[in-house]
Number of protein chains: 2
Amino acid sequence: MADAGHNSSNEDLRLGIERIERLEEEKKGIGDDIKDVYSEYKAKGFDAKIMREIIRLRKMKPDDRREMEAVLETYKNALGID
Amino acid sequence: MADAGHNSSNEDLRLGIERIERLEEEKKGIGDDIKDVYSEYKAKGFDAKIMREIIRLRKMKPDDRREMEAVLETYKNALGID
C-alpha cells in the first residue's frame, strides 16, 4: 500500500490520544473521590478548608514548615493581626 | 475513658487525611503517566501542544466545536490574522 506508513502513523496518534483520554478520565475519577472524602468529613462536622491546609502542611519538611510559621507570625505581628 | 469520643474523632480525622493523601498521590501518578505518553509521542515526532488541543476539541460537542471554530474564523478575519 502506498500510504501504509501514513496510515500507521495516524493509527499511532489515535492510540496515543485515546490513552491520554483514558488517563485523564481516571484522574478525574480520583479527583471526584477526593471531593467525596471532603464531603463525607464535612457532613461529620469537620472543616474541609482546614483539612486542605493540614494536608498542605504535612507535605512540607518540618523545618520548612516551622520556618514558614515563624515568618507568618512575624508578618502578622508587623501588621497588627492577632 | 473520659475522652474516648475525642480520641475516636481525632482518629477519624487522621484516617480521612490519610485517605485524601493516598488519593492525591494516585492522582499525581496518573498525571505523571499522562506526561510520559506526551513525551513518548514527542520522541516519535508528534507535537504535544497540538495533541492537547485535539483532546480539548474532542471533549466538545461537535456543534459547539463547529460554532467555536466559526467564531474564531470571524475574529481572525476581523483582525487580519490569516
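**Salt bridges and the contact between two chains**

B:Glu11 pairs with B:Arg14 in a salt bridge, with 2.8 Å between the closest N and O atoms. This value, like those that follow, comes from a predicted model. Both residues belong to helix α1 of chain B, where B:Glu11 and B:Arg14 stand 3 residues apart, about one turn of the helix. B:Glu11 is partly exposed, at a relative accessible area of 35%, and B:Arg14 also counts as partly exposed, with 35% relative accessibility.

Because B:Asp63 and B:Arg66 are 3 residues apart in helix α3 (residues 62–78) of chain B, about one helical turn separates them. B:Asp63 is exposed, with a relative accessible area of 58%, whereas B:Arg66 is partly exposed at 47%. Over all chains, the structure holds 24 salt bridges. As a general point, side chains of opposite charge can pair when their charged atoms come close.

Attention now turns to pairs that cross from one chain to the other. B:Lys44 forms a salt bridge with A:Asp12, and the closest N and O atoms are 2.9 Å apart. This pair joins two chains, because B:Lys44 lies in the loop between α1 (4–43) and α2 (48–59) of chain B while A:Asp12 lies in helix α1 of chain A. The two partners can be told apart by their accessibility: B:Lys44 is partly exposed, with a relative accessible area of 41%, but A:Asp12 is buried at 19%, since the limit for buried is under 20%. The side chains of A:Asp12 and B:Lys44 are also joined by a polar contact of 2.9 Å. Beyond its neighbours within four places in sequence, A:Asp12 is in contact with B:Tyr41, B:Lys44 and B:Phe46. A network of salt bridges links A:Asp12, A:Arg19, B:Glu40 and B:Lys44.

A salt bridge also connects the side chains of B:Asp12 and A:Lys44, at 2.8 Å from N to O. In total, 6 salt bridges are found across the interface of chain A and chain B. Polar contacts between chain A and chain B number 10 residue pairs, with both residues at pLDDT 80 or more. On the side of chain A that touches chain B, α1 (4–43) and α2 (48–59) of chain A each supply at least two residues.

For the interface as a whole, 28 residues from chain A and 28 residues from chain B take part in the contact. Between them, chain A and chain B bury about 2800 Å², with 69% of it on carbon and sulfur atoms.

Definitions and conventions. Residues are numbered from 1 along each chain as its sequence is written. Chains are lettered from A and ligands numbered from 1 in the order in which they are written. This is a predicted model: local features need pLDDT of at least 70, side-chain atom pairs count only at pLDDT 80 or more; totals for chains, interfaces and linings use all residues. Side-chain values use heavy atoms; hydrogens and water are left out. Contact means heavy atoms within 4.5 Å. Buried area is the accessible area (1.4 Å probe) that two parts lose on being put together, summed over both. A salt bridge is a side-chain nitrogen of Lys or Arg within 4 Å of a carboxyl oxygen of Asp or Glu. A polar contact is a pair of N or O atoms within 3.5 Å; within protein, one must be able to donate a hydrogen and the other to accept it, and residues adjacent in sequence count only if both atoms are side-chain atoms. Helices (H or I, at least four residues) and strands (E, at least two) are DSSP runs, numbered from the N terminus. Buried means under 20% relative accessible area, exposed over 50%, partly exposed in between (1.4 Å probe, protein chains only).
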